[in-house]
Structures are given as structure tokens and as C-alpha cells.
Amino acid sequence: MFNQRTAKAEGGSAAPEVVRHSRYPTRLTMYDKAPALEVSIEEFETFALDRLQVLRAIEDAQLRAKGEDDMRKRISEALERHLPLHTNRSRLPSRQLMAERRKDHVSHFILRLAFSRTEELRSWFLRYECALLKHRFREADTAERQELLQTARLQLALVPQAMRDEVLGDADAFYSPQEQLFEVDFERVLDLVMRAQVVLHAGKAYVPQAEIAALLVHEFRQRLTRALAVCAKALPQMDEDERLVPVLQNMSNQSARSEYRSSTAAGAVSADSVDSLGANFPLCMQHLHAQLLKDHHLRHGGRMQLGLFLKGIGLSLQEALVYWRRAFNSMTDDQFQKGYAYNIRHNYGMEGRRADYAPYSCHRIIMTNPPGPGDHHGCPFRHFAPERLRAALHQDSLADPDVREIADLAAAGHYQVACTRHLEAKLRRRPSIQGQEAPSAPVTSPNQFFDLCTGSVVSPSASLSA
Amino acid sequence: MTEDGNPMEIDEAAAAVSSGSEEISTETLRQYYQRLFPFSPYFLWLNHTSSPSTMFTHREFSFTINDGIYLRYQSFKTLDELQREVQRLVPSKIDIGAVFTAQPRNAKSLQPGAFKPVSKELVFDVDLTDYDEIRTCCQGGNICKLCWRFMVVAMHVVDRALREDFGFENLLWVYSGRRGVHCWVSDKRAQALDDAGRKAVAGYLGLIRGGAEQARKVALSQRQALHPHIKRSLDIIEEYFEDILLVDQEILLTRDRWLKVLAAIPDEDIRKTLDAKWSKHPDRSSVEKWSELIDVIDKHASKSRAKSWLGLFERSMMLQLAYPRLDENVSIHANHLLKSPFCVHPKTGRVCTPIANDAFDSFDPLAAPTLGQLLRELNSASSEATSLAPYIATFDSFAHTLQASAAQDTEPSQKGSLEF
């Protein structure tokens with residue numbers, strides 16, 4: 001059934017003889033085979049932690065980098081530091097090349113093990129391993145890319161130049177005429193589909209040569225997903241190994257950005273005092289709070305973001321029900337009970353699956369569920385039009401130079417840094433907590449902003465240096 | 001689950017009521033579920049074949065009873081079981097969820113993680129409340145003939161993209177009973193999409209980005225040729241734009257209104273020029289003002305090469321004002337619940353009727369039958385059919401299409417020639 005042409009690698013690699021016949025002839029791999037070799041327990045831990053540093057650096061770069069180039073630079077730097085992987089052309093002694101490749105190989109499999117425990121860990125690991133492969137593929141030279149594509153055995157149907165007009169019609173103008181196009185099911189290039197970067201026709205996506213990485217990453221994601229599921233099933237049998245299990249657990253615990261855990265006891269804030277605390281809210285919560293007072297309503301996204309924040313600063317369930325009931329003063333008791341009270345109790349773990357929900361982190365607010373028409377949730381530094389952001393900062397009594405600096409940071413994509421500057425500017429205006437060290441690490445959650453602003457905790461940098 | 005058979009004489013019940021929500025009572029709803037709800041095509045629509053498969057038995061239904069109690073994770077082994085339970089509980093709303101790895105009613109006894117959604121129709125939800133910043137005729141839950149036309153555009157744009165670009169064939173459009181439309185895609189390939197796949201389709205179709213604090217909501221790429229989907233959508237929108245936005249909605253009629261539109265122009269000079277001009281002649285129609293706006297933009301565009309957004313302004317503005325505003329959260333999670341077709345909307349009393357594929361332009365939501373009207377028709381005995389009949393016919397023929405294509409799918413594999 002494969003009458004279509006299949007993409008094939010051409011030309012041999014420039015690898016020296018000893019490398020070509022070694023365990024690791026190529027630099028990049030899809031990690032199809034587990035390492036069958038001995039690893040000391042020290043190596044086991046350092047290898048894995050180094051790789052973890054890289055994955056975290058990628059997560060960080062996706063959040064903070066301004067533009068593609070900056071992102072690539074940040075990831076490359078992290079790789080150079082923790083997990084260098086030189087090419088066959090690099091004239092380094094083959095012993096070093098082998099050692100680097102062994103470390104890359106082994107560390108991937110250790111983390112695979114460590115991160116197979118829960119659904120959440122698996123999806124974190126999957127996301128950043130895919131990003132890593134994508135980065136390395138982009139940075140690789142043509143020969144290395146071909147080698148990897150060959151080992152991946154992607155089935156790709158090339159659209160013959162002569163057929164393009166027939167297949168695509170006017171839509172062909174979307175691509176440059178020199179670009180080679182591959183026809184694949186749209187499910188294989190979801191990222192490109194989501195951003196409308198490929199033309200679709202009758203369920204097929206037309207992927208240009210330059211975006212071939214998307215196909216490779218898709219294939220890798222499929223294989224790694226299956227492998228992680230297998231791993232998760234095998235994991236219980238490992239429980240007896242007293243040396244490895246604690247190491248593995250420790251590793252996965254350090255991964256995903258920890259959620260904000262409130263240090264404030266529930267009940268510290270009452271329904272009456274919420275409004276007076278508004279001056280200590282970060283901009284996103286100030287905005288939601290102001291809109292709530294103005295409209296006597298908030299849509300779902302806003303209720304979740306503000307509601308969990310208030311829970312985090314110490315508003316108990318009983319007080320929350322009072323607060324929201326009063327705020328929604330244009331509806332009847334009945335409407336409130338039916339439409340909203342359930343959700344509030346749900347947030348406090350009293351309904352449904354009874355999970356004790358944590359306040360949203362900045363990461364979550366910035367990266368997921370962007371506001372749509374009529375929505376007020378989200379991160380003002382990310383989701384406000386520039387003029388609106390400046391107006392909001394002025395309204396919070398910031399001086400012109402501060403407003404300018406913060407707006408510039410926001411425009412450059414440094415949303416959390418902008419928010420941190422906002423906090424610093426607020427703190428500078430307050431003689432009462434002058435002794436407070438200005439935070440230098442970016443704010444990572446609205447609740448942390450609030451804690452720092454009210455002086456209820458020391459800043460992260462201060463606690464680190466202490 | 002027990003049921004008490006309750007055939008009732010209910011001829012008087014419908015007589016007193018007038019219109020809309022006042023006509024909805026447990027009694028009138030019970031009559032509706034006993035005499036009108038199209039259970040048999042409903043089953044076929046969900047199950048695709050005539051004997052119950054996991055597509056039906058492992059499907060989550062959710063009932064809203066006594067106006068506020070949600071019963072989630074209901075499931076049924078047969079159509080008969082579903083029908084009896086619906087007629088017993090008389091839910092004011094039925095929601096449909098995903099098909100799961102096991103029967104949802106047993107969910108609680110399963111290991112966490114063992115109960116997962118495996119398939120569901122790909123669904124879309126467009127709601128007129130998301131057009132509140134644009135429409136000038138109604139707000140909130142209210143709709144009229146004028147603003148309903150935004151839904152007409154939405155159906156055309158989404159329907160063509162799903163068919164032409166994604167190759168889906170089995171699309172059921174349903175009036176949501178009040179202020180919007182739902183689309184249910186029943187193709188096997190659509191049902192099989194995981195959340196990432198649903199998110200990608202929703203992202204592809206979603207152009208309107210940004211919340212209440214962002215005046216420019218459509219960003220077209222200046223480097224690349226327009227995507228064919230956007231081109232086609234613009235072609236559709238152009239047919240309606242002047243009528244809907246300028247003539248019906250008069251979006252530039254008053255200063256309040258035109259300032260909202262001007263806010264999307266990044267150039268302050270242009271904003272001020274137009275504001276001054278229109279303040280002098282506020283009585284000009286929106287059609288005139290729009291053509292002045294485009295003139296001013298075109299003049300600036302020919303002068304300055306640097307400001308390339310100008311060339312795209314008219315098109316991005318037309319998209320911002322008329323492109324479908326999809327509620328993406330409904331689409332991206334397979335286990336999101338969506339109100340079932342043929343529910344009676346509790347606020348309007350209108351039945352959530354299917355909208356035939358060739359009736360996007362002619363469908364009138366304010367003429368969709370209400371519960372009270374249907375019961376009066378039933379009891380007047382003048383004819384067999386109620387005004388629900390044509391909608392049931394649409395639904396029935398759609399369900400039979402699904403059955404036919406399911407039959408086609410299974411045939412080749414029986415011959416043992418699996419093709420890849």
C-alpha cells in the first residue's frame with residue numbers, strides 16, 4: 001500500500017571508524033533501546049539530576065524567553081552546562097563522545113523511571129523531553145537530521161511538485177514554491193494545526209520540509225507515551241530496591257514547579273476584610289476584584305482565579321460563601337445557591353472529587369486558559385493591551401518611570417519580572433516595611449505577591465541567603 | 001434502578017399555560033418525554049448501530065432534576081432503560097458526556113485511573129453572550145432576529161472548515177434553546193480525538209484572542225500569505241458584514257460605539273482624525289462611516305510602508321467583528337458535558353432542535369417550538385404531527401446516515417482486508 005515515496009536519508013555520516021562501530025554511532029536518538037550496562041549509584045544520581053536541570057531550564061525558557069532566538073540560546077546554554085553532546089565532526093576524542101552519549105542515554109532512562117509514577121509526572125516529563133528533542137533536532141546539521149529521521153522510520157508521503165496544484169489548488173500559495181511538502185494525517189501534526197501553520201484538506205495536513213521536526217516529535221511522543229505506560233506498570237516491582245526508590249522519588253518531587261501552599265491558616269481573613277486588603281493584591285487580582293465590585297459578577301475563569309487566591313490568603317469556606325453572596329448582589333438567593341455555591345464549595349474540596357484545590361500559579365495563569373471576550377481573568381502583563389496596562393499601573397499610583405519600565409518588560413514577554421517590579425515599586429512607597437528586602441527572584445504566584453506585599457513572609461531571595 | 005410505570009391522563013395539564021418557561025412543570029415535561037421525545041433516533045445517533053454497544057452503555061448521561069440537583073455518571077444498558085429512567089425522573093435538563101472505559105454508573109467502584117474517557121463527539125458551542133461587546137440590539141440572554149445572524153455566519157464558517165479542511169462529514173447543528181448553537185461531529189475520526197487533538201482543532205478554528213481588556217482581538221500574520229481557512233472565512237463574512245454589522249447593528253452610530261471600534265486601530269493619529277470627523281457629522285450612517293474609515297486607512301497605508309498592519313486592518317477588523325466566537329473549553333475536553341439535543345430549555349421553554357444543513361439562513365430560533373405549544377398541538381387532535389415533526393425528521397435521517405456509514409466501516413474488516 002506504500003506506493004508513495006518515502007523520505008530517506010542520503011549520504012553517509014562523517015563519523016570516524018571507531019565511532020561508527022561503537023555502541024553510539026550517532027549523536028541523536030529516539031531512545032528506543034534501554035541501556036544494558038552497569039551504572040554506579042553515584043553516576044545514577046548525578047546523570048539524572050543533570051538531565052533534570054536541562055528539562056527545568058527548558059520549562060523556564062518557555063516561560064521567560066523573549067522570542068525564538070532567546071529561547072534557543074537559553075536551552076543551548078543549559079545543555080552545554082549540564083548535558084553536552086558533541087557531534088562526530090567535533091574532533092573530540094571518541095572516548096569523550098562515547099561518555100557524553102552514554103550519559104544522555106542513561107539519564108533519559110532513569111528519568112523515565114522516576115517520572116512514570118503518576119499521570120502528572122508523566123505528562124511533565126513527556127512535554128519537556130519532546131521540547132528537548134525538538135531543540136536538538138533544530139540545532140543539528142543536515143547529516144545528523146537525516147540520520148535521526150532514518151532511525152525514526154517516519155512514513156512520509158512527498159507531494160510531487162507536479163501534483164501540488166491539483167492537490168492544493170489556490171492554497172498552494174500558502175507555501176513557497178521551492179519547499180517540499182509532505183502529506184500526513186492532521187493528527188500527526190497537532191501543534192501545527194493548532195496554530196494554523198499548515199494547510200488542511202480533507203483531513204490531510206501538508207507539512208513543509210522546514211516543519212518536519214513536528215512530525216518527528218509527534219512520533220517520539222507516541223513512543224515515549226507508550227514506554228512510560230509500560231514503565232508505570234513495572235514500577236511496583238521495584239519497590240524492593242531500597243537504593244533506587246528514594247533517589248527516584250526525590251528526583252520527581254523536585255520537578256514540576258511546586259504549587260503555592262498557603263502558610264496562612266484558613267480563617268485569617270473574613271468576608272468583611274477582603275475589600276480592605278485589595279491594595280496588597282497583584283494586578284491580576286486587583287483587576288478581578290475591581291470588576292467584581294463594578295459588575296457584581298465574574299465569569300467562570302475569573303471566579304476560579306480570584307476565588308482560589310482568596311482561599312489562599314486565608315478566606316475560609318464559610319466566609320467565602322458570605323463574600324461571594326454579597327458580591328453577586330444583583331441575583332436572588334436561589335440563583336446564587338444553584339449556580340455558584342456549588343463551585344465555591346467545590347474549590348474548598350467539599351463537592352465532587354473533593355480535591356483541595358491550590359491557588360493558581362503565575363505559570364498557570366499565563367500559560368493556560370487565556371481570557372476570551374468578556375473575561376477578566378488572566379495576567380494583565382500578558383493579556384492587557386499596552387495602553388490598558390499602563391493605565392492600570394498609573395491607577396495603582398506608580399510613578400512614570402516605573403510604569404514605563406514595567407510596560408516595557410511586559411511587552412518583551414517578561415510577565416513575571418514585570419509583576420515583580422510592580423511589587424517592588426509598591427514596597428518602596430511604604431516606609432512601614434522598609435526593612436523588607438526587595439525580592440529579586442520573580443514572583444511565581446499571586447499569593448506569594450500578596451504575602452510579600454503584606455510582609456507576612458520574607459522574600460525568597462532573603463530566605464535563601466539567610 | 002426501579003421505575004414506576006405511570007401512564008397518565010394528562011389532557012387538561014397543557015390547557016392553561018401560555019408561553020415560555022411558565023409552561024414547564026414536571027407534569028408537562030413528563031408528557032413531553034412520554035409522547036414527543038424521539039428516543040429511537042436518539043439511541044441510533046449515539047450508538048450508530050441498532051444493538052447497544054459500549055458507545056451507548058459506557059456513555060455518561062447527566063440529569064438535572066428538581067431544578068438544581070445534578071445526577072452525574074448515569075448510564076444505561078439499553079435504550080429501554082434510558083427511556084424509563086428519563087420518564088421516571090423527568091429531568092429538566094439532560095447533558096451528554098463521554099464514552100468511558102467502563103459503565104459510568106460503576107465509576108465509583110473502579111480504581112482511580114481505570115475510569116477514563118475514550119471517545120466522544122467533537123463538539124462546539126457558540127453563544128451570543130460572547131458577542132455582547134459587538135451587538136447593539138440585545139445583551140445577555142436575550143436574542144432577536146438581528147443578532148441571531150451572527151450565529152448564521154458562525155455555522156457557515158465552522159461547518160465548511162470542519163468539512164473541507166478536516167474531512168468530517170457527519171455534523172449535527174442544534175439550537176441550544178436560548179441564545180446559541182451547538183455542533184456535534186460524529187465521524188469516527190472526530191470521536192477518537194484525544195484532548196490534545198480537540199485542542200488543536202479548536203485552536204485552528206479560534207481566531208478571536210484576548211479578554212475584555214484587549215481591544216485588538218485578531219492578529220493576522222504580516223509575513224505569510226493568508227491561511228486558506230481565513231481566506232474562505234473572510235469570503236463568507238464579506239457576504240454578511242455590511243448587512244449585519246453596519247445596517248442591522250449600526251456599530252458606528254453613536255460616539256460610544258465608534259470609539260470601541262476605533263480602539264482597535266494602533267495609530268493614534270488615525271483614531272483622532274476619525275473621531276473628530278464623525279463628531280462633526282454624527283448623523284452619518286455606519287455604512288458611510290465605515291467607508292470613510294477604510295479610506296483613511298488606505299491613504300495611510302499607501303504613504304507609509306513601515307506600518308504594514310494597515311494593509312491587513314480591514315480584514316482583521318471584519319474577522320474581529322464577525323468571526324465565530326467559540327467557547328473553546330467546551331470543545332477541548334472529551335469529558336465535558338453538553339446539553340443534549342431535544343432538551344427543553346428551562347428558561348425559554350423552547351426545544352433544542354436540530355438545524356438542517358441547508359437551513360442555516362432560514363432557521364428562526366424564535367419560531368422553534370415551545371413545550372406548551374407542542375402539548376397544545378398534541379391535544380388539539382386535529383392532526384397527527386406536531387411542529388416538532390420536521391426537526392425529528394432531520395434528526396432521524398442524520399442518525400440513519402451514521403448507521404449506514406458504521407455499516408460501511410465494518411464491512412471491509414469482515415473480509416479480512418485491513419488497509420492502511
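How many helices and strands does the secondary structure of chain A come to? The secondary structure of chain A comes to 22 helices and four strands, where helices (H or I, at least four residues) and strands (E, at least two) are DSSP runs numbered from the N terminus. This is a predicted model, in which local features need pLDDT of at least 70 and side-chain atom pairs count only at pLDDT 80 or more, while totals for chains, interfaces and linings use all residues. Residues are numbered from 1 along each chain as its sequence is written, and chains are lettered from A and ligands numbered from 1 in the order in which they are written.

## The two chains

Of the 466 residues of chain A, 35% count as buried. A residue is buried if 20 or more other C-beta atoms lie within 10 Å of its own, exposed if 12 or fewer, and partly exposed in between, with C-beta atoms placed from the backbone. Two residues are in contact if their C-beta atoms, placed from the backbone, lie within 7 Å. Among contacts in chain A between residues at least 6 apart in sequence, 66% join residues at least 24 apart.

Chain B has 15 helices and nine strands. Its radius of gyration is 24 Å, close to the 22 Å that the globule rule gives for 420 residues, so chain B is as compact as a globular protein of that length. The radius is taken over C-alpha atoms, and the globule rule is 2.2 Å times the number of residues to the power 0.38. The C-alpha trace of chain B spans about 75 × 60 × 40 Å along its principal axes. Buried residues make up 43% of the 420 residues in chain B. Of the contacts in chain B with a separation of 6 or more, 69% are between residues 24 or more positions apart.

## Where the chains meet

The contact takes 30 residues from chain A and 30 residues from chain B. On the side of chain A that touches chain B, helix H8 (190–194) and strand S3 (199–201) of chain A each supply at least two residues. The residues of that side of chain A divide into 17 nonpolar, seven polar and six charged. Here Ala, Val, Leu, Ile, Met, Phe, Trp, Tyr, Cys and Pro count as nonpolar, Asp, Glu, Lys and Arg as charged, and the others, Gly among them, as polar.

## Two helix pairs

In chain A, the axes of helix H2 (residues 41–64) and helix H3 (residues 67–82) come within 9 Å and cross at roughly 170°. H2(A) and H3(A) are therefore roughly antiparallel to each other. Axes are lines fitted to C-alpha atoms, for helices over the stretch in contact, and angles run from 0 to 180 degrees between N-to-C directions; those under 35 degrees count as roughly parallel, over 145 as roughly antiparallel, 65 to 115 as roughly perpendicular and the rest as oblique. The residues of the contact of H2(A) with H3(A) divide into eight nonpolar, three polar and two charged.

In chain B, helix H11 (residues 286–303) and helix H12 (residues 309–322) pack at an angle of about 155°, with their axes 8 Å apart. That makes H11(B) roughly antiparallel to H12(B). B:Ile294, B:Ile297, B:His300 and B:Ala301 in H11(B) meet B:Leu310, B:Gly311, B:Phe313 and B:Glu314 in H12(B).

## An annotated cysteine site

According to the unreviewed UniProt entry, the annotation "binding site" covers A:Cys284, A:Cys362, A:Cys379 and A:Cys419. UniProt positions are given in the numbering used here, feature names are shortened, and annotations may be inferred rather than shown by experiment. The four are spread over 136 residues of sequence but cluster in space, with a largest C-alpha distance of 9.9 Å. A:Cys284 is in helix H12 (residues 283–295) of chain A, and A:Cys419 is in helix H20 (residues 415–428) of chain A. Not counting residues up to four places away in sequence, A:Cys284 touches A:Ile365, A:Gly378, A:Cys379, A:Pro380 and A:Pro446.

## Burial of selected residues

| Residue | Other C-beta atoms within 10 Å | Class |
|---|---|---|
| A:Cys284 | 28 atoms | buried |
| A:Cys419 | 27 atoms | buried |
| B:His345 | 23 atoms | buried |
| B:Glu250 | 16 atoms | partly exposed |

B:His345 lies in the loop between strand S8 (338–339) and strand S9 (354–355) of chain B. B:Glu250 lies in the loop between helix H8 (228–248) and helix H9 (255–262) of chain B. Phi of B:Glu250 is near 45°, a positive value in a residue other than glycine.
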